[in-house]
Amino acid sequence: PRLPEHCIEYVKVIQWSKENPFDCPIDGDDPNHINWIYEKASERASQFNIVGVTYRLVQGVIKNIIPAVASTNAVIAATCATEVFKLATGCATSLNNYMVFNDVAGIYTYTYEAERKANCLACGPANQPKYLDIESLDMKLSELIELLCQHPSYQMKSPGLTTMQDGRNRTLYMSTVRSIEEATRENLKRSLVELGLRDEGIVNVADSTTPNTLEITLRVTAKMAE
């Protein structure tokens with residue numbers, strides 16, 4: 001252990017289950033339980049020359065209490081009370097639907113209406129067409145993956161790509177499964193043409209940033225310019 005919290009967690013997770021002094025689960029609202037954990041945690045802390053174990057800290061760790069600044073709580077409470085007053089009296093327009101409060105350097109607050117993006121990849125319509133403009137089909141598959149990671153509309157982390165060819169699903173590259181990654185690694189050096197992809201061709205892209213696999217249509221920009 002390095003911190004007083006480590007000593008408290010040790011007593012909570014390990015020592016309590018071994019000794020079970022009260023023959024019941026830990027109750028964070030029972031002073032006897034907190035006192036016992038406090039004493040045992042203090043003993044363990046003294047063994048490792050760790051200071052800082054207090055009764056209040058034990059309560060915080062056992063009950064997962066997150067310290068809060070009183071002024072912030074007061075601002076939130078006042079805001080909620082103000083909104084209730086506006087709804088009850090109709091004296092002003094109610095909050096719709098987001099508020100920012102910042103008191104790091106001075107006090108700043110701002111309200112605005114958060115709107116849903118119509119073509120959001122996560123919550124938008126599943127059947128909406130998705131496109132990715134590329135300069136040429138001569139680009140490497142690794143460059144296509146890099147484009148998916150850097151594109152502002154996709155911002156993927158480690159996409160896996162498949163496509164349909166001759167009625168069969170073909171994996172172009174997938175890094176999440178070791179055996180598949182090793183089998184498809186050589187495809188990273190090959191161009192899209194060599195992999196059988198064409199203009200207006202569809203690739204299925206799966207990534208941790210999106211809940212579902214995306215069907216993305218590749219569009220060659222040189223053709224569009226003509």
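This tour moves through a predicted model, from a surface patch to a set of salt bridges and then to the cysteines.

**The tyrosine patch**

Begin by selecting Tyr-98, Tyr-108, Tyr-110 and Tyr-112, and show their side chains on the surface, where these residues form a nonpolar patch with about 440 Å² of accessible area together. If you then colour residues 108-112, you will have picked out strand β2, which gives the most to the patch, with three residues. Within this strand, stop at Tyr-108, which has a relative accessible area of 48% and is therefore partly exposed.

**The salt bridges**

Side chains of opposite charge can pair when their charged atoms come close. A search of the whole structure finds five salt bridges, and the tour visits some of them in turn.

Select Lys-63 and Asp-29, whose closest N and O atoms are 2.7 Å apart in a salt bridge. Lys-63 sits in the loop between α3 (55-62) and α4 (70-89), while Asp-29 sits in the loop between α1 (4-19) and α2 (31-47), so this pair ties together parts that are 34 residues apart in sequence. On a surface view, Asp-29 counts as exposed, at 60% relative accessibility, whereas Lys-63 counts as partly exposed, at 38%.

Next, select Arg-219 and Asp-133, which form a salt bridge with their closest N and O atoms 3.0 Å apart. Here the partners belong to strands, Arg-219 to β7 (residues 214-220) and Asp-133 to β3 (residues 130-134), so the pair ties together parts that are 86 residues apart in sequence. Arg-219 is partly exposed at 24% relative accessibility, and Asp-133 is partly exposed at 35%.

Then move to Glu-181 and Arg-185, whose side chains meet in a salt bridge with an N to O distance of 2.7 Å.

**The cysteines**

Cys-7 has 0% relative accessibility and so counts as buried, whereas Cys-149 is partly exposed, with a relative accessible area of 25%. A disulfide is a covalent bond between the sulfur atoms of two cysteines. How many disulfides does the model contain? With a disulfide taken as a pair of cysteine sulfur atoms within 2.5 Å, the count comes to zero.

Notes
Residues are numbered from 1 along each chain as its sequence is written. This is a predicted model: local features need pLDDT of at least 70, side-chain atom pairs count only at pLDDT 80 or more; totals for chains, interfaces and linings use all residues. Side-chain values use heavy atoms; hydrogens and water are left out. Patches are made of residues with over 30% relative accessible area and no salt bridge: like charges are joined within 9 Å, nonpolar side chains (Val, Leu, Ile, Met, Phe, Trp, Tyr) within 5 Å. Accessible areas come from the Shrake-Rupley method with a 1.4 Å probe; for residues, only the protein chains shown count as cover. A salt bridge is a side-chain nitrogen of Lys or Arg within 4 Å of a carboxyl oxygen of Asp or Glu. Helices (H or I, at least four residues) and strands (E, at least two) are DSSP runs, numbered from the N terminus. Buried means under 20% relative accessible area, exposed over 50%, partly exposed in between (1.4 Å probe, protein chains only).
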